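The sequence and structure come first.

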Amino acid sequence: MNAFLWAATAMLALLVPCGLLAVRGSILDRVVALQLGSAIGTMALLVMAEGFHRSIYVDLALVFGLSSFVATFAIVHYLERWA
Amino acid sequence: MATRLVVDVLLVLAILIQALCVLGVWRMPNALDRLHFLAPATSVAPWLVAGAVWARELLDHQGIVALLIAVFMLGWQPVLAHVTARAAASGRGSGRTSPEPARPRRRVST
């Protein structure tokens with residue numbers, strides 16, 4: 001294992017507290033945990049691409065970052081409109 | 001050897017920053033306080049990871065996309081934090097876990 005794979009392992013482990021908070025907290029806490037988890041997941045995909053020498057994972061990280069931004073924006077926009 | 005050292009240092013710093021952000025998000029009492037800890041994880045750590053990728057790959061496909069991701073996260077994450085803080089400040093969704101059923105609208109008789 002090289003340094004990038006160790007880093008990917010550590011980042012994937014950091015997703016566990018985000019997931020727990022996304023399960024337990026209020027809705028806004030869940031949104032914050034989702035934002036942090038998507039940022040860490042994007043970074044994990046990036047370092048996995050470098051660790052495994054698979055450039056397709058880099059494109060996956062880019063698409064994941066873009067789609068998680070749109071998804072989080074839609075969720076927060078929906079939350080704001082609750083009466 | 002120097003490249004490997006630079007990569008190791010940058011990756012360790014990125015993981016350290018992300019771990020501190022996760023700890024802060026976990027420990028803070030409410031969503032507005034938790035939002036403050038999103039900034040380092042989305043504006044500093046991606047640049048450190050992009051720097052580590054650049055140290056090995058320079059300007060090939062992975063290096064360019066890593067830079068693109070870092071720029072994208074630096075630009076859009078403040079927008080998301082602002083929108084989330086606005087929703088938190090309006091007090092909506094702060095304590096509920098599912099949406100309330102819609103109330104029927106009253107008709108105004110003229």
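A residue counts as buried if 20 or more other C-beta atoms lie within 10 Å of its own, with C-beta atoms placed from the backbone. The model discussed here is predicted.

By that cut-off, Ile40(A) is buried, because 26 other C-beta atoms lie within 10 Å. Ile40(A) belongs to helix α2 of chain A. Apart from neighbours within four places in sequence, Ile40(A) is in contact with Met11(A), Leu14(A), Leu15(A), Cys18(A), Gln18(B) and Ala41(B). Leu15(A) is 25 residues from Ile40(A) in sequence, and the two C-alpha atoms are 7.1 Å apart.

**Helix lengths**

| Helix | Residues | End-to-end distance | Expected span |
|---|---|---|---|
| α1(A) | 22 residues | 33 Å | 32 Å |

For α1(A), the distance is close to the expected value.

**Helix α1 of chain A**

Helix α1(A) covers residues 3-24. Its buried residues are Phe4(A), Ala7(A), Ala8(A), Met11(A), Leu14(A), Cys18(A) and Leu21(A). Viewed down the axis of α1(A), these buried residues fall within an arc of 130°, so they line one face of the helix. On the face of α1(A) turned away from the buried side are the exposed residues Val16(A), Gly19(A), Leu20(A), Val23(A) and Arg24(A).

Which elements cover the buried residues of α1(A)? The cover includes α2 (27-52) of chain A and α1 (2-27) of chain B.

**The α1(A)–α2(A) pair**

Two packed helices are described by the angle between their axes and the distance between the axes. For α1(A) and α2(A), the angle is about 165° and the axes are 9 Å apart. Angles over 145 degrees count as roughly antiparallel, and α1(A) and α2(A) are therefore roughly antiparallel to each other. Their crossing is left-handed.

Of the 26 residues of α2(A), 22 are buried, so α2(A) is largely enclosed by the rest of the structure. Just after α2(A), His53(A) takes a positive phi of about 55°.

**Contact between the chains**

In the interface, 38 residues of chain A are in contact with 45 residues of chain B. On the chain A side, the elements that give two or more residues are α1, α2 and α3 (56-80). The largest share of that side, 16 residues, comes from α2(A).

**Chain B**

Chain B has five helices and zero strands, in the order α-α-α-α-α along the sequence. Of its 110 residues, 33% are buried. Among the contacts in chain B with a separation of 6 or more, 57% are between residues 24 or more positions apart.

Helix α1(B) has Val7(B), Leu10(B), Leu11(B), Ala14(B), Ile15(B), Gln18(B), Cys21(B), Val22(B) and Val25(B) buried. These residues pack against α1 and α2 of chain A, and also against α2 (31-35), α3 (38-43) and α4 (45-57) of chain B. One of them, Gln18(B), is in contact with Ile40(A).

Terms used
Residues numbered from 1 in each chain as written. Chains lettered and ligands numbered in written order. Predicted model: local features only at pLDDT ≥ 70, side-chain atom pairs only at ≥ 80, totals over all residues. Helix = DSSP H or I, 4+ residues; strand = E, 2+ residues; numbered from the N terminus. Buried ≥ 20, exposed ≤ 12 C-beta atoms within 10 Å, placed from the backbone. Contact = placed C-beta atoms within 7 Å. Expected span 1.5 Å × (residues − 1). Arc of directions from axis to C-beta. Axes fitted to C-alpha atoms, helices over the stretch in contact; angles between N-to-C directions. Parallel < 35°, antiparallel > 145°, perpendicular 65-115°, else oblique. Left-handed = near helix turned anticlockwise from the far one by under 90°.
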